[in-house]
Amino acid sequence: MSVSVQSADFDVSVEIEKLTRGNASIGAIATFVGKVRGDAGGQALASMSLEHYAGMTERELERIEAEAVARFKLSASCIIHRIGTLLPGENIVLVIACAPHRHDALSACDFLMDYLKTEAPFWKKETTDDGNGSWVDARSSDDTARARWSKGGT
Amino acid sequence: MTGIAQSRDITLRYFAWVREKVGHSEERVSIPADIATVADLVAWLQARGDGYAHAFAKPSAIRAAIDQKHVQSSALIHGAREIGFFPPVTGG
């Protein structure tokens with residue numbers, strides 16, 4: 001289990017190798033990578049900046065990860081989230097879930113992202129090509145996605 | 001109650017557009033003793049100046065954390081060391 005909030009980029013294959021090396025119980029690895037899109041509401045995006053609540057963020061990510069490990073009996077997992085200024089095409093977030101079988105790995109990956117998007121204290125600000133900056137609004141569809149896990153769904 | 005003797009010093013932290021509207025990211029404030037909940041604190045902050053009035057104009061748009069844990073606006077602030085205010089989160 002590991003959590004990292006960092007400005008540096010990550011390498012998915014390096015992270016998978018770190019999690020799985022020497023662990024023969026792992027039969028399935030699910031990964032999710034979130035990236036910066038090149039458009040913001042129909043306008044070209046120049047950059048995106050990510051702010052977070054240092055201290056609280058790490059605590060929330062660790063709590064969310066521990067919940068996923070317990071719920072889906074994960075063999076290993078990691079969450080990496082970048083902060084600072086990012087350009088279109090750059091990586092934002094990486095979630096890896098390792099389990100003996102694929103359903104748990106895939107569900108855990110989905111669960112981790114739904115919780116991260118609604119509970120981890122990060123905020124995105126988009127700057128468009130014309131120099132205007134605006135904070136990204138939270139989406140109710142993320143709350144809906146998060147809510148399905150509390151009905152006992154897997 | 002004057003609140004002088006019972007007022008409490010708490011660190012307030014602001015993030016994203018709440019921070020921009022308030023005009024700073026962190027401050028140490030002395031909170032009157034009759035402020036019991038997060039909602040009370042928001043109402044008190046609204047009266048601290050134009051930036052605060054603007055930032056906290058719509059309390060339902062603001063989320064809060066006490067000592068770095070998410071709370072509802074009805075949460076009691078008694079014993080809090082740090083209270084953070086921010087918009088709904090948008091990471092991932």
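B:Phe86 has 0% relative accessibility, so this residue counts as buried; buried means under 20% relative accessible area, with a 1.4 Å probe and protein chains only. The model is predicted: local features need pLDDT of at least 70, side-chain atom pairs count only at pLDDT 80 or more, and totals for chains, interfaces and linings use all residues. Residues are numbered from 1 along each chain as its sequence is written, chains are lettered from A in the order in which they are written, and side-chain values use heavy atoms, leaving out hydrogens and water.

Now the ring pairs. Rings of Phe, Tyr and Trp (its six-membered ring) pair if their centres lie within 6.5 Å; planes under 30 degrees apart count as stacked, over 60 as edge-to-face and the rest as tilted. Over all chains, that gives 13 aromatic pairs.

One of them is A:Trp123 with B:Phe15, stacked at 5.2 Å centre to centre and 20 degrees between the planes. A:Trp123 lies in strand E8 of chain A and B:Phe15 in the loop between strand E1 and helix H1 of chain B, so the pair joins two chains. Strands (at least two residues) and helices (at least four) are DSSP runs, numbered from the N terminus. B:Phe15 is buried at 5% relative accessibility.

B:Phe15 also pairs with B:Phe86, edge-to-face, at 6.4 Å and 65 degrees. B:Phe86 is in strand E5 of chain B, so this pair ties together parts that are 71 residues apart in sequence.

Ring pairs link A:Tyr53, A:Trp123, B:Phe15 and B:Phe86 into a cluster.

Notes: Buried < 20%, exposed > 50% of the residue type's maximum accessible area, 1.4 Å probe, protein only.
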